[in-house]
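Visitor: I have a new model open on my screen and would like to talk it through. Could you start with the overall fold and then go into the details?

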Amino acid sequence: MSKRLIATLAGVLTIALIVAGCGSSSDSSTDSTASLTKAEFVKQGNAICAAGNKQIETGIESFAKQNHLSESKPPTEAQAAEIAETVLVPSVSGQLEEIEALGVPRGEEDQVDAIFAAVEGAIEKAEEDPSVLLSEKGASAFTKANQLSREYGLTVCGEEN
């Protein structure tokens with residue numbers, strides 16, 4: 001699969017890839033019993049997001065191959081929504097669960113909970129309607145989560161590709 005095809009698919013799904021490092025969980029973690037420092041939390045969180053980004057890229061490549069997509073045949077809106085529903089949302093949700101499982105560093109609860117809440121709200125919208133990831137409305141849904149992630153140091157989680 002060519003890098004250009006991947007870039008084309010990523011462009012179609014750029015909003016979803018923006019949130020690649022974050023996801024949804026049914027309950028927000030405010031567990032401050034973690035012994036991780038903020039630096040350790042950020043390092044491990046960014047590693048989780050990097051692995052998740054690779055998982056998403058592999059999923060998109062596989063979907064493109066199975067559906068005979070190419071640079072000259074980009075995904076339809078329905079296919080893009082399917083990628084969001086079957087690849088992006090599950091991966092992002094899993095990533096957030098892994099980050100929440102790290103436990104929140106002491107004294108960082110408010111900042112980290114704000115990130116989790118922003119991501120969860122955006123993912124809930126995407127779960128209700130995966131096509132939201134393809135719209136301007138979807139972009140604004142994840143803007144706050146990405147900004148908060150980057151400001152906290154979760155730069156891989158909040159990167160905009």
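**Overall fold and core**

Guide: This is a predicted model, and its protein chain contains 6 helices and 0 strands, which follow one another along the sequence in the pattern α-α-α-α-α-α.

Visitor: How much of the chain is buried?

Guide: Buried residues make up 48% of the 161 residues in the protein chain. The chain exposes about 7,900 Å², and carbon and sulfur atoms supply 50% of that area.

Visitor: OK, the core then. Which residues touch the most other members?

Guide: The largest nonpolar core has 34 residues, and within it F41, I99, F116 and Y152 touch the most other members. The elements that contribute two or more residues to this core are α3 (38-66), α4 (77-101), α5 (109-128) and α6 (136-152).

Visitor: What does F41 touch, leaving out residues up to four places away in sequence?

Guide: With those set aside, F41 touches L36, I99, L102, G103, P105, V112, F116, Y152 and L154.

Visitor: How many aromatic pairs does a search of the whole structure find?

Guide: The search finds 1 aromatic pair. F41 and Y152 form this pair in an edge-to-face arrangement, with 6.1 Å centre to centre and 80° between the planes. Because F41 lies in helix α3 and Y152 in helix α6, the pair ties together parts that are 111 residues apart in sequence.

Visitor: Are those two, F41 and Y152, buried or exposed?

Guide: Both F41 and Y152 are buried.

Visitor: What sits over the ring of Y152?

Guide: The charged end of K38 sits over the ring of Y152, at 4.4 Å from the ring centre.

Visitor: Switching to the helices: how many residues does α3 have, and how far does it reach?

Guide: Helix α3 has 29 residues and reaches 41 Å from its first C-alpha to its last, which is close to the 42 Å expected at 1.5 Å a residue. After α3 comes H68, whose phi is positive, near 55°.

Visitor: And α5, how many residues there, and which of them are buried?

Guide: Helix α5 has 20 residues and spans 28 Å from first to last C-alpha, close to the 28 Å expected at 1.5 Å a residue. Its buried residues are V112, D113, I115, F116, A118, V119, E120, A122, I123 and A126, a list that includes the acidic side chains of D113 and E120.

Methods:
Residues numbered from 1 in each chain as written. Predicted model: local features only at pLDDT ≥ 70, side-chain atom pairs only at ≥ 80, totals over all residues. Heavy atoms only, no water. Core = buried A, V, L, I, M, F, W, Y, C linked by side-chain atoms within 4.5 Å. Buried < 20%, exposed > 50% of the residue type's maximum accessible area, 1.4 Å probe, protein only. Helix = DSSP H or I, 4+ residues; strand = E, 2+ residues; numbered from the N terminus. Contact = heavy atoms within 4.5 Å. Areas by Shrake-Rupley, 256 points an atom, 1.4 Å probe, with all protein chains shown as cover. Phe/Tyr/Trp six-rings, centres within 6.5 Å; stacked < 30°, edge-to-face > 60°. Lys NZ or Arg CZ within 6 Å of the ring centre and 35° of its normal. Expected span 1.5 Å × (residues − 1).
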